[in-house]
Amino acid sequence: MKTMSEKNAKYQIDTDENRAFLEKIREGLLKFGHQFPSPGGGSYYLGDDGTPWKDRPRETWITSRMAHVYSLGTFLGHEGSEALVDAALNGLMGELHDAKNSGWYAGLKADGQILPDKQCYAHAFVILAASSATLAGRPGAKELLKEALIFYDSYFWNEEEGLSCDTWNTELTVLDDYRGLNANMHTVEAFLAAADVIPNDEYRVRAERIIDHVLGWASENDWRIPEHFSKDWIPDLECNKDRPDDQFKPYGATPGHGIEWARLVTQWALSVPAFEERTGVVGESHRQPAKYIEAAEKLYNRAVSDAWNADGAPGIVYTTDWEGKPVVHDRMHWTLAEAINTSAVLYRATGKEKYAADYAQFLQYLDEKVLDPVNGSWFHQLDRGNQVIGTVWPGKPDLYHALQATLIPYYEPSVSIAPAVKKGLRK
């Protein structure tokens with residue numbers, strides 16, 4: 001029988017036990033997702049045990065995430081990863097691609113009918129997928145990345161605003177008035193990946209512009225980030241108050257996004273010295289990396305203070321109101337994954353033991369409540385009593401957040417995760 005200290009070592013960053021724990025989880029995740037490809041390459045939505053739910057749509061954002069995940073798998077030596085990346089790329093270059101209007105459909109229904117609209121969120125993930133697959137040397141990936149960036153630049157990026165819009169209709173004739181930060185958050189991730197892979201530091205500068213906007217809005221709102229905006233970028237703090245658990249546009253603050261933004265801000269800040277060395281462009285005093293890391297700490301600490309164990313049970317609540325009171329008490333797996341990532345990254349960036357202690361708490365909660373010991377992968381949604389439910393996320397549709405949480409804590413945070421893993425930039 002293991003002693004308490006040996007058991008706790010499994011959760012503590014930089015121990016051999018923790019590295020082994022994450023490696024075991026990582027290999028299980030990669031095995032779990034093998035059945036995602038449809039005959040056309042689009043990703044099936046995976047059920048509780050990893051078998052496809054073929055009655056559900058095959059969506060572009062999930063397919064892109066799977067291409068990214070198994071690109072990482074190729075660098076890790078996971079058997080079968082190359083074929084799985086190629087299948088997803090086939091979907092992105094084939095059935096999910098709009099050959100008539102350009103860009104990518106939101107997805108396809110089970111009967112092959114298209115899901116309407118062109119989503120910024122999905123297109124950001126196409127860039128991420130193509131960046132990782134390009135590093136993996138997969139056929140067609142480089143061309144896919146080039147096309148995805150050109151399309152994104154043409155339809156989603158607004159150079160004057162330094163932000164991205166959200167949704168066009170399928171024919172690209174009508175732009176929705178809604179503006180949102182979820183798509184911009186994943187745009188930052190995609191731009192940082194593209195900047196590392198192409199390489200092209202224009203995308204790193206764009207990421208900074210988005211980050212500056214977000215930190216401005218957050219600092220004016222006690223470090224709770226507004227999520228929803230009008231077309232003129234006026235925050236809509238009451239959006240979906242009548243549907244607070246909306247899958248993509250929930251009411252109020254989303255602490256998981258505050259945590260995720262904190263990681264991306266820190267990643268960008270840590271990449272600045274190398275950027276300045278390459279370009280000779282030195283930021284002004286108020287734009288130095290340390291200031292951004294300090295802001296990232298404020299985002300993270302606000303979110304964790306509001307949401308972790310907020311209702312007397314372990315876990316991070318899905319949403320809060322603008323005073324930090326929980327609204328939707330459910331626990332989403334992706335929020336925990338980002339908490340693991342960000343606590344580790346902030347520990348690397350600051351050396352503060354608080355973040356190492358947080359990381360250990362999150363890993364223990366993962367082990368005790370969120371890992372599925374029977375079917376594999378992570379439970380994607382728990383209620384306030386930490387019982388499995390599926391009102392927002394039935395099944396286990398993809399592996400992106402969970403897999404990254406087994407890697408980001410132990411790779412160089414100043415580099416996007418795919419090039420960091422490929423180059424073996426371990427911490």
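How many nonpolar, polar and charged residues does the lining of the largest pocket have? The legends below take this up, along with other spaces in this predicted model.

**View 1. The largest pocket holds about 380 Å³ of space.** Its lining is made up of 19 residues, and those closest to the centre are Gln 119, Asp 166, Thr 167, Phe 248 and Lys 249. To answer the opening question, nine of the lining residues are nonpolar, five are polar and five are charged. Helix H5 (120–135) and helix H7 (181–197) each supply at least two lining residues, and H7 gives the most, with three.

View 2. Among the lining residues are Phe 21, Lys 24, Asp 367, Pro 373 and Trp 378. By class, the lining has six nonpolar, three polar and three charged residues.

**View 3. The largest cavity has a volume of about 230 Å³.** Arg 65, Tyr 121, Trp 334, Trp 393 and His 401 are the closest to its centre, out of 20 lining residues. Helix H3 (60–76), H7, helix H9 (255–279) and helix H11 (333–350) each give two or more residues to this lining; H7 gives the most, with three.

**View 4. The second largest cavity has a volume of about 200 Å³.** Of its 18 lining residues, Arg 263, Gln 267, Ile 408, Ser 416 and Ile 417 lie nearest the centre. H9 gives the most to this lining, with three residues. The lining divides into 10 nonpolar, five polar and three charged residues.

Definitions and conventions. Residues are numbered from 1 along each chain as its sequence is written. This is a predicted model: local features need pLDDT of at least 70, side-chain atom pairs count only at pLDDT 80 or more; totals for chains, interfaces and linings use all residues. Side-chain values use heavy atoms; hydrogens and water are left out. On a 1 Å grid over the protein atoms alone, a cavity is a set of points where a 1.4 Å probe fits but cannot get out, and a pocket is an open set with protein on both sides within 12 Å along at least five of seven lines; lining residues have an atom within 4 Å of a point. Grid points are joined across faces, edges and corners, and a volume is the space filled by probe spheres set on the points. Helices (H or I, at least four residues) and strands (E, at least two) are DSSP runs, numbered from the N terminus. Ala, Val, Leu, Ile, Met, Phe, Trp, Tyr, Cys and Pro count as nonpolar, Asp, Glu, Lys and Arg as charged, and the others, Gly among them, as polar.
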